[in-house]
Amino acid sequence: LIVSLIVLLHTKVDWSGILKDNFALLCLYAFVGLSILWSDQMFLSFKRWVRLAEVIPIAMVVLSERAPLAAMESIFRRCAYVLIPFSIVLAKYYPYLGVSYGRWSGFLSWNGVTLTKNALGHLCLVSSFFLIWAFFRDRKNGISALSRTFADGLVLVIAVYLLFGGSGGFSATSTTNFGLVTLCMMFLYTMGAKAHRISTILIGCVVLAWIALIFSDSFSSTFTSMVGRDETFTDRTLIWAMALSDAAQNPILGTGFGSYFATDNEFSNTFGYTGHNGLLDVYVELGAVGVLILLGFVLSFFKKVRGTLTRSFDWGVFGICILIMSMLANYTESLFMKSSSYIWASMIFLNILFFKSHPPVIPPSTAVSKRD
């Protein structure tokens with residue numbers, strides 16, 4: 001965080017344009033910071049807010065690059081090249097670092113470079129989707145980079161192997177998500193000029209799926225059976241019931257950011273440190289006001305990435321799919337406003353890099369293929 005701020009101080013940045021372009025994001029982070037005032041553990045909340053906020057100046061450093069989206073592509077690729085193979089190494093040969101066991105069940109899980117099985121699933125989900133998207137993008141634009149394609153393919157195989165289980169690494173949320181967003185990506189590429197309208201329909205379908213899973217028992221049971229899970233979403237309904245009961249005590253403003261989960265209370269002692277639902281976690285700690293501000297940011301992000309379709313179709317498709325990925329994952333995982341979430345960090349980076357004041361974006365694959 002300190003290094004990124006030093007870099008920005010020595011870089012010419014259009015502060016007014018950036019602030020105006022990211023108004024919804026800044027409102028969200030400002031409200032999170034304000035919630036520290038009514039937190040029972042103000043110092044802990046402050047530390048977590050700083051960790052959460054540091055992604056913004058780091059993303060602005062990438063924005064200051066001569067070709068920001070090409071730089072972002074290099075970041076995604078290098079993270080995949082390093083973290084995915086290293087996860088195999090840790091899980092296979094350094095199990096005291098790369099493997100964990102269930103809190104109550106004792107079930108073995110591969111964590112790799114992350115702290116949990118699900119976090120490894122999210123890393124593999126984003127990385128494998130990015131590599132497939134890069135292949136489709138290059139093929140569409142007639143770009144041939146054989147050595148890079150071979151390296152991407154090798155890392156993709158490892159990522160998919162980890163994603164679909166390896167030995168104790170299966171994450172139903174991430175595997176289902178991977179299949180759905182890949183289909184959405186191919187559909188958007190097929191639609192071409194109609195992608196604007198189709199993207200709205202796809203996001204609408206995800207919202208309807210959220211509503212159906214909450215209010216329709218038949219839809220919920222059908223969906224869980226398709227992905228090999230029980231109707232309780234692996235006991236998540238019990239977690240949700242307790243968290244909602246506690247949230248009812250502070251329904252408007254919540255308990256304050258970082259003051260409920262991962263602290264010593266009845267919930268964390270019973271179920272651990274997450275509510276396993278992105279909106280529920282926000283509701284508990286930031287109340288209904290926080291949920292509305294978060295939804296405002298999500299809507300703002302959607303408008304921005306849909307607008308990017310006209311300036312850089314490939315990155316617009318990528319952004320739409322990241323949004324779908326985030327919305328799907330947050331039904332059974334808590335990823336909104338989590339400093340450790342790869343998916344949330346990706347959303348923040350893209351939200352800042354899709355700067356409206358930039359000229360139309362030239363497909364960055366050419367620059368990346370020359371450099372990488």
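These legends go with a set of close-up views of a predicted model.

**View 1. Helix H4 and its buried face.** Helix H4 takes in residues 42–53, twelve in total, and reaches 16 Å from its first C-alpha to its last, close to the 16 Å expected at 1.5 Å a residue. Look for Leu44, Ser45, Arg48, Leu52 and Ala53, which are buried. Seen down the axis of H4, these buried residues fall within an arc of 160°, so they line one face of the helix. What do they pack against? The partners are helix H3 (23–34), helix H5 (55–63) and helix H17 (342–353).

**View 2. Tyr29 in the largest nonpolar core.** This core has 98 residues, and Tyr29 is among those that touch the most other members, along with Trp133, Phe297, Phe318, Trp344 and Ile348. Leaving aside residues up to four places away in sequence, Tyr29 touches Trp49, Leu52, Ala53, Val55, Ile56, Trp344 and Ile348.

**View 3. Phe76 stacked on Phe130.** A search of the whole structure turns up 19 aromatic pairs. One of them joins Phe76 and Phe130, which are stacked at 5.4 Å centre to centre with 25° between the planes. Phe76 sits in helix H6 (residues 68–93) and Phe130 in helix H8 (residues 117–140), so the pair ties together parts that are 54 residues apart in sequence. Are the two residues buried or exposed? Both Phe76 and Phe130 are buried.

**View 4. Trp110 edge-to-face with Tyr161.** The ring centres of Trp110 and Tyr161 are 6.3 Å apart and the planes meet at 65°, so this pair counts as edge-to-face. Trp110 belongs to strand S2 (residues 108–110) and Tyr161 to helix H9 (residues 146–163), so parts 51 residues apart in sequence are tied together here. As for cover, Trp110 is buried, with a relative accessible area of 7%, whereas Tyr161 is partly exposed at 43% relative accessibility.

View 5. With 24 residues, H8 reaches 34 Å from its first C-alpha to its last, close to the 34 Å expected at 1.5 Å a residue. The helix is mostly covered, as 19 of its 24 residues are buried. Ring pairs link Phe76, Phe129, Phe130, Trp133, Trp315, Phe318 and Tyr342 into a cluster. Zoom in on Trp133 and you'll find the charged end of Arg137 sitting over its ring, 4.8 Å from the centre. Just after H8, Gly142 takes a positive phi of about 70°.

**View 6. Ala288 beside Pro251.** Ala288 is found in helix H15 (residues 278–311) and counts as partly exposed, at 32% relative accessibility. How far apart are the C-alpha atoms of Ala288 and Pro251? They are separated by 6.1 Å, although the two residues are 37 residues apart along the chain. If you skip residues up to four places away in sequence, Ala288 touches Pro251, Ile252 and Tyr283.

**View 7. Met337 with a positive phi.** Here we're in the loop between helix H16 (313–329) and H17, where Met337 lies. The phi of Met337 is near 55°, a positive value in a residue other than glycine. Met337 is also buried, at 4% relative accessibility.

Definitions and conventions. Residues numbered from 1 in each chain as written. Predicted model: local features only at pLDDT ≥ 70, side-chain atom pairs only at ≥ 80, totals over all residues. Heavy atoms only, no water. Helix = DSSP H or I, 4+ residues; strand = E, 2+ residues; numbered from the N terminus. Expected span 1.5 Å × (residues − 1). Buried < 20%, exposed > 50% of the residue type's maximum accessible area, 1.4 Å probe, protein only. Arc of directions from axis to C-beta. Contact = heavy atoms within 4.5 Å. Phe/Tyr/Trp six-rings, centres within 6.5 Å; stacked < 30°, edge-to-face > 60°. Lys NZ or Arg CZ within 6 Å of the ring centre and 35° of its normal. Core = buried A, V, L, I, M, F, W, Y, C linked by side-chain atoms within 4.5 Å.
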